[in-house]
Structures are given as structure tokens and as C-alpha cells.
Protein chains: 2
Amino acid sequence: MAGIGYEKGRRRRSELLEAAFSRFATLGYRNATLAQIAADCGVSRMGLAHHFRTKEALLLAVLEERDRVNGRDFFVGSDPSVEPLDYLDRFARLIDDNAAVPGLINLYAVLSAESATDPDHPAHGYFRDRYRRIRGHIDAAFAALKADGTIDARVDVDNAGAAMMGLIDGLQVQWLLEPDAVDIGAQLRRWYRQGFGLDLA
Amino acid sequence: MAGIGYEKGRRRRSELLEAAFSRFATLGYRNATLAQIAADCGVSRMGLAHHFRTKEALLLAVLEERDRVNGRDFFVGSDPSVEPLDYLDRFARLIDDNAAVPGLINLYAVLSAESATDPDHPAHGYFRDRYRRIRGHIDAAFAALKADGTIDARVDVDNAGAAMMGLIDGLQVQWLLEPDAVDIGAQLRRWYRQGFGLDLA
């Protein structure tokens with residue numbers, strides 16, 4: 001019986017995460033309300049509070065869940081320093097895949113802008129740390145490719161991670177405004193090729 | 001006497017634009033209120049309405065004012081098809097200059113994300129059209145540089161405008177989160193150089 005209750009609780013938690021994802025993605029953190037999110041799942045505010053004590057906790061749980069899913073679907077067993085081309089290829093495939101999930105691009109576009117411009121935003125630290133971490137992975141991949149001669153010694157790879165993340169994030173905003181005008185995956189692969197001589201199919 | 005009233009009205013209008021700029025940049029369009037903006041200038045709501053009939057009109061006036069100032073300070077007499085290197089150089093100098101005006105970067109980051117994710121946002125059309133226009137200028141500059149042989153014939157310049165705007169916008173979000181970690185002007189000049197063989201000082 002405990003097992004059934006546990007299973008039901010888990011399902012409820014995941015429904016709440018999905019509803020919160022969708023509200024945060026369309027309204028931003030500040031404008032979304034816990035009352036809406038609870039109502040989306042037919043749950044009371046108390047019921048929501050049982051799973052997530054605060055709106056901040058709910059937001060961070062949504063972001064961590066996305067990182068978990070991306071990690072599981074795209075980066076399991078990947079090490080940017082050891083197999084750098086494989087890592088960059090997985091990244092490009094993740095970007096292709098994201099184009100089928102506009103809500104996800106909404107979520108990151110809205111929350112990263114909201115939190116970047118407000119040091120007190122509950123996701124400010126999350127985004128700062130996330131950018132640091134992913135820039136570190138990308139920089140490690142480019143450093144490895146330069147060290148093993150795949151990238152020409154004269155090519156500058158310093159802070160390639162910031163540029164790559166920037167390119168992707170900025171293109172996503174344009175893509176949201178005009179999907180037909182922007183192919184993010186193609187732009188990323190051209191950036192690999194023209195900027196660094198890396199040809200990834 | 002009419003002249004003095006006119007001058008006072010112009011000054012008041014420009015104070016309101018400045019207060020609105022600052023509120024929209026920190027709070028976003030949805031969270032900023034006309035009551036706050038009016039109070040920032042010691043004006044009544046009626047006084048504000050005399051200058052800007054709606055919140056939407058105020059937002060669009062703020063954005064148009066910024067475009068006017070950027071155009072005046074950086075792009076007067078510039079034609080990307082005729083003097084493409086000069087245009088790209090001016091663009092890089094604008095980006096360097098923006099780093100001294102974090103409020104401006106806030107404004108575009110917040111409003112572009114807010115409006116990109118909401119077709120009913122009052123700035124949705126503005127941002128879509130602005131990206132189209134600037135992409136068009138950049139694409140024209142790169143096409144001219146390829147046509148006159150400055151860029152090698154084998155280099156792909158299609159949709160360079162989307163990539164360049166994306167790179168800049170995305171880096172701005174990272175810069176807001178961690179100013180010391182990101183040099184947007186340097187990244188842009190490297191993109192010119194490594195992606196297209198253009199060396200701009």
C-alpha cells in the first residue's frame with residue numbers, strides 16, 4: 001500500500017513539474033502563480049506545497065529536471081576532454097532536437113533573461129553556474145582538439161564555450177520570433193566548420 | 001510663452017522615456033507599471049497619459065528612441081552594401097560602447113525574450129521587424145565582401161546576419177550574469193576573423 005501511495009505521489013510531482021514548466025515558459029517566473037499551477041493539475045495549494053514548499057523550490061526543480069533529461073538523452077558517457085568531437089556532435093544533435101520543443105526554448109529564453117538582469121532572481125545563481133559549467137565543457141573539448149592537432153595551432157580557441165553558448169541562445173530568440181528564418185543546428189555546424197575547421201555531419 | 005511650454009513638455013517627455021527605460025529594463029514590460037513610472041518623474045497618471053496614451057505606446061517610444069540614438073551615434077552615413085567593412089567596424093564599436101550601458105543590455109535581453117515567447121506582446125512585431133532589418137544589413141555587408149573578393153569565394157556567408165546577432169545577444173545574457181567572464185567585442189572580432197577572414201582592429 002505504501003508503494004501505491006508513493007507511486008501516486010511521484011506521478012503527481014511529475015504532473016506539477018510539467019504544469020510549472022509550461023507556466024514558467026510562457027509567463028516567466030514572476031508572472032506565473034502557484035495557484036494557476038496547482039489548478040492546472042487539479043490540486044490544492046496545500047497539495048502543491050506538499051511537493052514543493054516554495055515557488056523558488058518549484059522553479060529550481062523544473063530546471064534540474066530538464067538538466068537531468070538532457071544529460072540522460074544526450075550526454076551519458078560523454079567526456080569532452082577525452083572524446084571532444086563526439087561531445088560537440090552530441091551538442092549539435094541536442095540543438096536539433098530542441099527545435100521540436102519550443103516550450104523548452106521559451107523556458108530558457110525567458111528565465112535566463114529574467115534572472116540575468118536581476119541578482120535577486122531565484123534562478124540567478126543557477127544560470128550563472130550552468131553557463132560556467134557548460135562553457136567549461138566546451139572549452140575543454142576545443143582545448144583537446146587543439147592539443148591533438150585536429151584544430152590548427154594558429155586558431156584561437158580561448159573562450160569558445162562562451163561564443164558557442166551565445167550563438168545558440170541568441171539564435172533561439174530569433175527562432176522564436178520567426179522559426180522559418182533561422183536554422184540553429186545548421187548555424188552551429190557552420191560555426192564549427194568555418195571558425196575551427198571541424199566538419200561534423 | 002508657447003515656446004517655453006513646448007520646451008517644458010519635451011523635457012518632461014524625455015524624463016518619462018528615461019524612467020520607463022529603466023523600469024522596463026529591470027522589471028520587464030509586464031511587471032513595470034505606469035504608476036511607478038509616473039511617480040519616478042513626479043507626474044500624475046494623467047500627466048503621463050498626456051504624453052503616452054497607453055503602456056504599449058510608451059514601450060514602443062522607448063525602443064524607437066534607442067534606435068534613434070544608436071543610429072545617430074554609430075550608423076549615420078553608413079551603407080553596408082557600399083562600405084561593408086566600415087559597417088562591420090561600426091557595429092563592433094557599438095557593441096564595445098554598449099558594455100558601458102548595462103541598463104540597455106538589460107532592456108533588450110528582457111524585452112526580446114518576453115516578446116519572442118508571446119505573439120501578443122506589444123513588442124513582438126517590433127523585435128521581429130528589427131531582427132529582419134539588421135540581419136538584412138549584415139547579410140548585405142557580407143554579400144558585398146564576398147562579391148568583391150575580400151571574403152574567399154569558398155566561405156559560406158549565407159545568413160551571417162542571424163549568426164552575428166545571435167552571438168551578440170547570447171553573449172550579452174552571459175555578460176549580465178558574469179561581466180568578467182565575457183568580452184563581447186573581442187568575441188565578435190574573432191568571429192569576423194576566424195569565420196570569415198576579416199581583420200578589424
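What follows is a chat about a predicted model with chains A and B.

Reader: How many residues of chain B are in contact with chain A?

Author: The number is 47 residues of chain B, in contact with 47 residues of chain A. Keep in mind that this is a predicted model.

Reader: And how much area do the two chains bury between them?

Author: Chain B and chain A bury about 3,600 Å² between them, and 52% of that is on carbon and sulfur atoms. Three residues, B:Gln174, B:Leu177 and B:Gln194, supply 19% of the area that chain B buries against chain A, which is more than any other three residues.

Reader: Why quote an area at all?

Author: The accessible area lost when the parts come together is often used to give the size of an interface.

Reader: Ok. Which elements of chain B touch chain A?

Author: In the interface, 20 residue pairs are in polar contact across chain B and chain A. The elements of chain B that give two or more residues to its side are helix 1 (2-31), helix 6 (102-116), helix 7 (124-147), helix 8 (160-177) and helix 9 (184-196).

Reader: Which one gives the most?

Author: Helix 8 of chain B does, with 13 residues.

Reader: What classes of residue are on that side of chain B?

Author: The side of chain B that touches chain A has 23 nonpolar, 14 polar and 10 charged residues.

Reader: How many salt bridges are there between chain B and chain A?

Author: Seven salt bridges are counted between chain B and chain A. One pair is B:Arg190 with A:Asp156, whose side chains meet at 3.4 Å, N to O.

Reader: And over all chains, how many?

Author: The structure holds 33 salt bridges over all chains.

Reader: Give me one inside chain B. What does B:Asp40 pair with?

Author: B:Asp40 forms a salt bridge with B:Arg23, with the closest N and O atoms 2.8 Å apart. B:Asp40 is in helix 2 (residues 34-40) of chain B and B:Arg23 is in helix 1 of chain B, so the pair ties together parts that are 17 residues apart in sequence.

Reader: Are those two buried or partly exposed?

Author: B:Asp40 is partly exposed at 40% relative accessibility. B:Arg23 is partly exposed too, with a relative accessible area of 25%.

Reader: What about B:Arg90, which residue does its side chain meet in a salt bridge?

Author: The partner of B:Arg90 is B:Asp86, at 2.8 Å, N to O. These two are four residues apart in helix 5 (residues 84-98) of chain B, so about one helical turn separates them. B:Arg90 counts as buried, at 16% relative accessibility, while B:Asp86 is partly exposed at 24%.

Reader: Which side chain meets B:Arg154 in a salt bridge?

Author: That is B:Asp152, again in a salt bridge at 2.8 Å, N to O. B:Arg154 is exposed, with a relative accessible area of 74%, and B:Asp152 is partly exposed at 35%. Elsewhere, salt bridges that share partners join A:Glu178, B:Arg128, B:Asp129, B:Arg132 and B:Arg135 into one network.

Reader: New topic. How many residues are in the largest nonpolar core?

Author: The largest nonpolar core has 132 residues. Those with the most contacts inside the core are A:Phe142, A:Trp191, A:Tyr192, B:Phe142, B:Trp191 and B:Tyr192.

Reader: What does B:Trp191 touch?

Author: Leaving out residues up to four places away in sequence, B:Trp191 touches A:Trp191, B:Phe142, B:Ala160, B:Ala163, B:Met164, B:Leu167 and B:Phe196.

Reader: I noticed A:Asn159. What is its phi?

Author: A:Asn159 has a positive phi of about 55° although it is not a glycine. A:Asn159 is in the loop between helix 7 (124-147) and helix 8 (160-177) of chain A, and is partly exposed at 42% relative accessible area.

Reader: Then where does B:Asn159 lie?

Author: B:Asn159 lies in the loop between helix 7 and helix 8 of chain B. Phi of B:Asn159 is positive, near 55°, and B:Asn159 is partly exposed, with a relative accessible area of 43%.

Reader: Last one: is A:Gln172 buried or exposed?

Author: A:Gln172 counts as buried, at 8% relative accessibility. This residue is in helix 8 of chain A. Not counting residues up to four places away in sequence, A:Gln172 touches A:Asn98, A:Ile105 and A:Ile184.

Definitions and conventions. Residues numbered from 1 in each chain as written. Chains lettered and ligands numbered in written order. Predicted model: local features only at pLDDT ≥ 70, side-chain atom pairs only at ≥ 80, totals over all residues. Heavy atoms only, no water. Contact = heavy atoms within 4.5 Å. Buried area = accessible area lost by both parts, 1.4 Å probe. Salt bridge = Lys/Arg side-chain N within 4 Å of Asp/Glu carboxyl O. Polar contact = N/O pair within 3.5 Å; in protein donor to acceptor, adjacent residues only side chain to side chain. Nonpolar A, V, L, I, M, F, W, Y, C, P; charged D, E, K, R; others polar. Core = buried A, V, L, I, M, F, W, Y, C linked by side-chain atoms within 4.5 Å. Buried < 20%, exposed > 50% of the residue type's maximum accessible area, 1.4 Å probe, protein only.
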